[in-house]
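Hello,

Here is the structure I promised to pass on to you. Please have a look at it first, and then read my notes below.

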Amino acid sequence: MSGLLAKLSPAKRVAGNNDLPLFYVNQTSMEPQRSPRDTPRVTATLAELLMNVEDARNDQITTRRALEMVSPLTSSASSFNSWTSAPASSISSSPFVLSFNDLTYSVKIRKKFEPLACCGKSSNDSAVNTKILLNNISGEAHEGEMMAVLGASGSGKSTLIDALANRIAKDSLRGSITLNGEVLESSLQKVISAYVMQDDLLFPMLTVEETLMFSAEFRLPRSLSKKKKKARVQALIDQLGLRSAAKTVIGDEGHRGVSGGERRRVSIGIDIIHDPIILFLDEPTSGLDSTSAYMVIKVLQRIAQSGSIVIMSIHQPSYRIMGLLDRLIFLSRGNTVYSGSPTHLPQFFSEFEHPIPENENKTEFALDLIRELENSAGGTKTLVEFHKQWRAKQASSYDNNNRNPNVSLKEAITASISRGKLVSGATNSSSNLTSSFQTFANPFWIEVIVIGKRSILNSRRQPELLGMRLGAVMVTGIILATMFTKLDNSPKGVQERLGFFAFAMSTTFYTCAEAIPVFLQERYIFMRETAYNAYRRSSYVLSQSIISIPSLIFLAASFAATTFWAVGLAGGASGFLFFFLTILASFWAGSSFVTFLSGVVSNVMLGFTVVVAILAYFLLFSGFFISRDRIPLYWIWFHYLSLVKYPYEGVLQNEFEDPTKCFVRGIQIFDNSPLGQVPNAVKLSLLKSMSGVLGINVTAETCVTTGIDILKQQGITDISKWNCLWITVAWGFFFRVLFYFTLLIGSKNKRR
């Protein structure tokens, strides 16, 4: 037995060692339990142990047989230990310390309008108030520890987390944030840190395993093989206690999925897949029951013990959760009222002459006392001042015991990378710390492929979305085909053709309006993923554009096939091809326009209102209701901006471009006048009289108006039909570019 264990890899020898980890996972309940042995150990990073994952897979059978010979308890502990244990010296050799000093952040609040004219006062001073959200907040967080920010609602917990996570504009935030004594640059922080939002922003139709796998493909470098990425995801699923839910979809209001606690752990998992050095979390236990909240914090403790700094805001932790926290910061209306270890809370409040009763929950007592002071006349000013004095009194002993690192930031990060942490494609050779990290883990084209795969998978699991759009297009096409069946070549047929083309072209744009919710539903997922460089914004725009084309082709072909021959349009096969391409270009331009608007507006109902209104204006100025020659000069610019103008003029030219085709013959010139009701004999007599006056022989069969004449009457003479098609396509690309810039400017995800 000993000889067999001696042949195992170092990671496996840890698993088979008698030194069990501090916590092990019960495979049936996934509830962290106390190890039979109380010797504290620090867990290793996932990346450190994945360095030998190939050998581990090859020796899997041998390892299992060896571990089966050990007791079941040792086997269960070893299974978890093989992924999460490492010598403590590997962590403590180069510790990280995140320090923040005198952080101050305020916002200007504008009052509601108040008439001041009668008072003779200027509104500049009284209309704006300044509210301080953070007031000289200082502290530090250490590697291997969890820091929790506590306080009542509105105390500034989330604001402090945002400030530390670089989610507040530098111009608005005062103070300093350093890592190992060096200023933490924004570009570097995006690489070495992660931020978990309070809301669980996940794709509902992906399974837990798929969600984590897509995150791995985004955040892990291309140099890491597919097999290692999968192994990393499987290890993370075990670490998060999600094995039983790995094949379950996330779910939403309309689809049953994982529980709230599991959903929260998935949200944490997608942001720690690359093993960040710093992890920020905003209210990770919000909305969870006590057991689920405890399991989430237990997972965060294991993450911290793997060599990370974990900083979170938490509303009111339970007694069990308090036992897991290492440092606390209590805030009250932006001021620090306590900072330090949870074990010092009784001493602090005892010296403040408000001792904590023996059987009282320390945090509940502290929060209740703070709330009482806030509602008192003097507020928490006395507590804030007492905390400053208390901290100053303990400053000497605190400095003596403080674990300030003796290594530079570059050396500490290099040591972490050498242990396998921070899997982001970093190189250790560069002398410039920031330039030694790749801004994005993968090249542009890899990002496009992964985003496309995820979108296609989502669409496949929601076929009703495409089905509803196809149904709308087909119903519209069938109604038009039956309303305008086999139009003849008469003056009435001309008017009916004009109406058909105007309605058909505008309908293609209106049916694109249902794409508004698509990006609005993904907006905050996109902002979370791009905030820390999971992928480029340009990759997202290009991928979404490419994957939309097949569905647009299918919709355009369905509509064109339903209407072209049923209505009796001209041109044969070539005419049908151009009609199909024009419909496709209209769908492309319309979907691009709607996508751009979804990046501008943030509300679905507002988006629909704006789209419907603007498309109505486009139709008004398209040239159908009033020809180009009759549009006033001060509105002619809108005529050329109309998206409906170009496909409408293109299909009209496709229909009426044949100069030999006649649409109005001699006797038909009276059809659209009061003389249309008189007998044909009278019409022939009138034609004979007109011939004598004009000097031209006009008979009942003489062609009076050709298709070219109709185009001239409609003012369609300046742009050819193919140019109309290309302009429509160009509009689509133009709005995609605008969509990119809206994402670039409007998704910074930072407070001002």
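Let me begin with the aromatic rings. The count comes to 40 aromatic pairs, where rings of Phe, Tyr and Trp (its six-membered ring) pair if their centres lie within 6.5 Å. Ring pairs join Phe 593, Phe 596, Phe 618, Phe 621, Trp 635, Trp 637, Phe 638, Trp 731, Phe 734 and Phe 735 into a cluster.

A word on the source: this is a predicted model, in which local features need pLDDT of at least 70 and side-chain atom pairs count only at pLDDT 80 or more, while totals for chains, interfaces and linings use all residues. Residues are numbered from 1 along each chain as its sequence is written, and side-chain values use heavy atoms, with hydrogens and water left out.

Two rings also have a charge over them (NZ of Lys or CZ of Arg within 6 Å of the ring centre and within 35 degrees of the ring normal). Arg 167 lies over the face of Tyr 195, at 3.9 Å from the ring centre. Over the ring of Phe 578 you will find the charged end of Lys 721, 4.7 Å from the centre.

Next, the helices, which are DSSP runs (H or I, at least four residues) numbered from the N terminus. Helix α25 (residues 537-567) packs against helix α26 (residues 572-600) at an angle of about 135°, and their axes are 8 Å apart. Axes here are lines fitted to C-alpha atoms over the stretch in contact, and angles run from 0 to 180 degrees between N-to-C directions. That angle makes α25 oblique to α26 (under 35 degrees is roughly parallel, over 145 roughly antiparallel, 65 to 115 roughly perpendicular and the rest oblique). The contact of α25 with α26 has 17 nonpolar, six polar and no charged residues (Ala, Val, Leu, Ile, Met, Phe, Trp, Tyr, Cys and Pro count as nonpolar, Asp, Glu, Lys and Arg as charged, and the others, Gly among them, as polar).

For helix α13 (residues 260-272) and helix α14 (residues 290-305), the axes come within 9 Å and cross at roughly 20°, so α13 and α14 are roughly parallel to each other.

Finally, two single residues. Lys 712, in helix α31 (residues 707-713), counts as exposed at 51% relative accessibility (buried is under 20%, exposed over 50%, partly exposed in between, with a 1.4 Å probe and protein chains only). Lys 712 and Ser 627 are 85 residues apart in sequence and 9.8 Å apart in space, C-alpha to C-alpha. Tyr 524, in helix α24 (residues 516-531), is partly exposed at 46%.

Best wishes

Notes: Phe/Tyr/Trp six-rings, centres within 6.5 Å; stacked < 30°, edge-to-face > 60°. Helix = DSSP H or I, 4+ residues; strand = E, 2+ residues; numbered from the N terminus.
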